[in-house]
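Subject: Structure handover

Hello,

Here is the structure I promised to pass on. Please open it next to this email and follow along.

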Amino acid sequence: MHRHDTAAKPARGAGGVVPVMPATAQQGNIGIYQEAIGTVTPVYTSSITAQVTGVVTAVHYREGQFVKEGDPLVDIDSRQYRANLLTAQGTLLHDQGILAEAQMDLERYKQAWAKNAIPRQTYEDQEKVVLQDEGTVKQDEGAVQFDQVQVDFCHIVAPISGRVGLRLIDPGNLVTASGTTPLVVIAQVQPITVIFTLAEDALGQVLPRMKSGAKLTVDAFDRSAQSKIASGTLLTLDNQVDTTTGTVKARAQFDNRDGKLYPNEFVNARLLVNTLQNVTLLPTSTVQHNDKSTYVYVLTNNKAQLQAVKVGAIDGDTSQVTGVNPGQVVANSSFDKLQSGSRVKISPQGATPIQSSGSSTP
């Protein structure tokens, strides 16, 4: 917007006529936006570390590869763990045989005691022997399951679908169960989210829309805020306001099918809170300011008349105004030469077009 003093110099130009570019007020829709800097954040990021100690025998992924959940990633030498598993299975079979023998003895003692052939104590002692053997078998089963898990840890698969980063290990490397260095990092990029902050004063606009079930559109722009990268929807707001900044975090989700949003990239997020329908729109450049008022120059019968206006929502080069009606023509140039009552000559280029924004209610 321009700042211009109404006590301007007398109109200049050929014969006192000021050439001006016109713009026509139009009726249309305009969006109310909240803008903030955001960070592209994967929904899930998985840093996979070794759960067992051993030598890497194979790396199945390629750097930058898109993998699906369950795809093989890394193999670790599992021979020692398979040997432990085999030993545990053998112990289980042995103790299951002892349990079966104890259960047969218990059945015989039961029949003998029913005929008063043995003391009751002998029968009860055998019941406890069976319970002890059952406990031993359960311990063996736990050992088998543990060793089976160790074997499974040697074959690492993707826990999520996403994009693999740079290769961090090679075949032949020794990895340890206590190590903190990841074997591979997977980031889910489809869909992906953008986390940005909203001023707490904006909550009064956003929360009612969310509670009504409206899907609020969020556009992600590049660092220059000129090129739109992708469009998504607002997922949720954080559960508290950051008292140090007076802002609340918001998360928006994007399909990102074209992969243009990259994890940890900085973007400009633009949240469409609401859309004003059928309002009067003018190019933002037509609205002038001085110390007392906001105004435009309405062009009527080749004369410029100063008209006070009130500016509402602004969307880039378009402003919503009250004080003029759709169809009225206003000046869009030569403001330093204009004053109320100036004679004007309309430039042959014609009226400046206005693009209605926020055409659909979120």
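A residue is called buried when its relative accessible area is under 20%, exposed when over 50%, and partly exposed in between, using a 1.4 Å probe and protein chains only. Keep in mind that this is a predicted model: local features need pLDDT of at least 70, side-chain atom pairs count only at pLDDT 80 or more, and totals for chains, interfaces and linings use all residues. Residues are numbered from 1 along each chain as its sequence is written, and side-chain values use heavy atoms, with hydrogens and water left out.

Helices (H or I, at least four residues) and strands (E, at least two) are DSSP runs, numbered from the N terminus.

Start with helix α2, residues 120-153. It has 34 residues and spans 50 Å from first C-alpha to last, close to the expected 50 Å. That expected span is 1.5 Å times one less than the number of residues. The buried residues of α2 are Tyr123, Gln126, Val130, Asp133, Val137, Asp140, Val144, Asp147, Gln150 and Val151. An α-helix has 3.6 residues a turn, so residues three or four places apart point the same way. What covers the buried residues of α2? The cover includes α1 (79-114) and β9 (155-157), where contact means heavy atoms within 4.5 Å.

β9 also belongs to an open sheet of four strands, in the order β9-β8-β6-β11, with antiparallel pairing. Its edge strands are β9 and β11 (174-175), since each pairs on one side only. Two strands pair if DSSP finds at least two bridges between them. β6 (residues 54-59) and β11 are joined by two bridges. Within that pair, Val55 has Leu174 as its bridge partner.

Now look at strand β17, residues 266-283. Of its 18 residues, 13 are buried, so β17 is largely enclosed by the rest of the structure. Which strands pair with it? β22 (residues 318-322) is joined to β17 by three antiparallel bridges, and Leu282 sits opposite Ser319.

Last stop: Ser342, in the loop between β23 (329-331) and β24 (343-346). Is Ser342 buried or exposed? Ser342 counts as buried, because its relative accessibility is 4%. A polar atom of its side chain lies 2.8 Å from the backbone oxygen of Gln339.

Best wishes

Conventions: Polar contact = N/O pair within 3.5 Å; in protein donor to acceptor, adjacent residues only side chain to side chain.
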